[in-house]
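Colleague: I am new to this model and would like to learn how to read its features one at a time. Could you take me through them, giving the general idea and then the case at hand?

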Amino acid sequence: MATVHSPRPRPLSPHLSIWRWRPNMAVSILHRATGNAMAFGAVLLFTWWLLAAASGPATYASWYRVAHGWLGLIVGIGFTWAMFQHMGSGLRHLVMDTGANYEIHANQRSALLTMAFSVIMTGLVWALVLFA
């Protein structure tokens with residue numbers, strides 16, 4: 001008859017105690033998050049627009065007011081930032097696919113540049129949209 005041993009407590013992963021947040025970690029997570037946000041958000045917004053257009057002029061006018069109001073502005077700026085962040089991170093990964101940019105300081109610098117690029121480009125695009 002086999003004896004049943006009480007299981008020893010499994011050790012906890014030390015990841016929380018030894019890893020610190022770095023720009024390259026944040027950009028990696030942002031790349032996934034912005035890709036998902038753009039995909040799901042575009043489907044939801046497109047579906048809402050189609051339903052509003054198919055439901056008649058009153059419903060479409062209601063959709064138009066929301067889309068061109070402050071909420072539409074916030075969503076538009078958010079989508080623009082997500083697009084530039086995802087694009088910048090994709091270009092960063094394209095460079096890394098060539099075997100370059102794996103040295104830790106260069107990798108972190110490119111991650112910071114990716115974040116700065118997305119904010120600057122979003123600001124430029126919306127400055128042109130709103131003030132040009």
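**Reading the model feature by feature**

Modeller: Rings of Phe, Tyr and Trp (its six-membered ring) pair if their centres lie within 6.5 Å, and planes under 30 degrees apart count as stacked, over 60 as edge-to-face and the rest as tilted. Before going on, please note that this is a predicted model, in which local features need pLDDT of at least 70 and side-chain atom pairs count only at pLDDT 80 or more, while totals for chains, interfaces and linings use all residues. Residues are numbered from 1 along each chain as its sequence is written, and side-chain values use heavy atoms, with hydrogens and water left out.

Colleague: How is a pair of aromatic rings described, and which residues form one aromatic cluster here?

Modeller: A pair of aromatic rings is described by the distance of the centres and the angle of the planes. In this model, one aromatic cluster is formed by W48, Y60 and W63.

Colleague: Which residues form the nonpolar patch on the surface, and which helix gives the most to it?

Modeller: The general idea is that patches are made of residues with over 30% relative accessible area and no salt bridge, with like charges joined within 9 Å and nonpolar side chains (Val, Leu, Ile, Met, Phe, Trp, Tyr) within 5 Å. A salt bridge is a side-chain nitrogen of Lys or Arg within 4 Å of a carboxyl oxygen of Asp or Glu, and accessible areas come from the Shrake-Rupley method with a 1.4 Å probe, where for residues only the protein chains shown count as cover. Here the patch consists of L45, W48, V66, W70, L71, I74 and V75, which together have about 660 Å² of accessible area. Helices (H or I, at least four residues) and strands (E, at least two) are DSSP runs, numbered from the N terminus. Both α2 (23-54) and α4 supply at least two residues each, and α4 gives the most, with four residues.

Colleague: Why does L71 count as partly exposed?

Modeller: Buried means under 20% relative accessible area, exposed over 50%, and partly exposed in between (1.4 Å probe, protein chains only). L71, which has its place in helix α4, counts as partly exposed because its relative accessibility is 42%.

Colleague: Is Q85 buried or exposed, and which residues does Q85 touch?

Modeller: Q85, also found in helix α4, is buried, because its relative accessible area is 0%. Contact means heavy atoms within 4.5 Å, and, not counting residues up to four places away in sequence, Q85 touches V27, L30, T34, T114, M115 and S118. A polar contact is a pair of N or O atoms within 3.5 Å; within protein, one must be able to donate a hydrogen and the other to accept it, and residues adjacent in sequence count only if both atoms are side-chain atoms. The side chains of Q85 and S118 make such a contact, at 2.8 Å.

Colleague: Which residues does S110 touch, and is S110 buried or exposed?

Modeller: S110 lies in helix α5 and counts as buried, because its relative accessibility is 15%. Leaving aside residues up to four places away in sequence, S110 touches R92 and N101, and a polar contact of 2.9 Å joins the side chains of S110 and R92.

Colleague: Where is N101, and what is its phi?

Modeller: N101 sits in the loop between α4 (70-97) and α5 (104-131), and its phi is positive, about 70°, although N101 is not a glycine. N101 is buried, because its relative accessible area is 18%.

Colleague: How far apart in space are L113 and S89, and how far apart are R8 and T98?

Modeller: Separation along the chain and separation in space can be read side by side. L113 and S89 are 24 residues apart in sequence and 9.6 Å apart in space, C-alpha to C-alpha; L113 is in helix α5 and counts as exposed, because its relative accessibility is 55%. The C-alpha atoms of R8 and T98, which are 90 residues apart along the chain, are separated by 45 Å. R8 belongs to the segment before α1 (15-18), and R8 counts as exposed because its relative accessibility is 75%.
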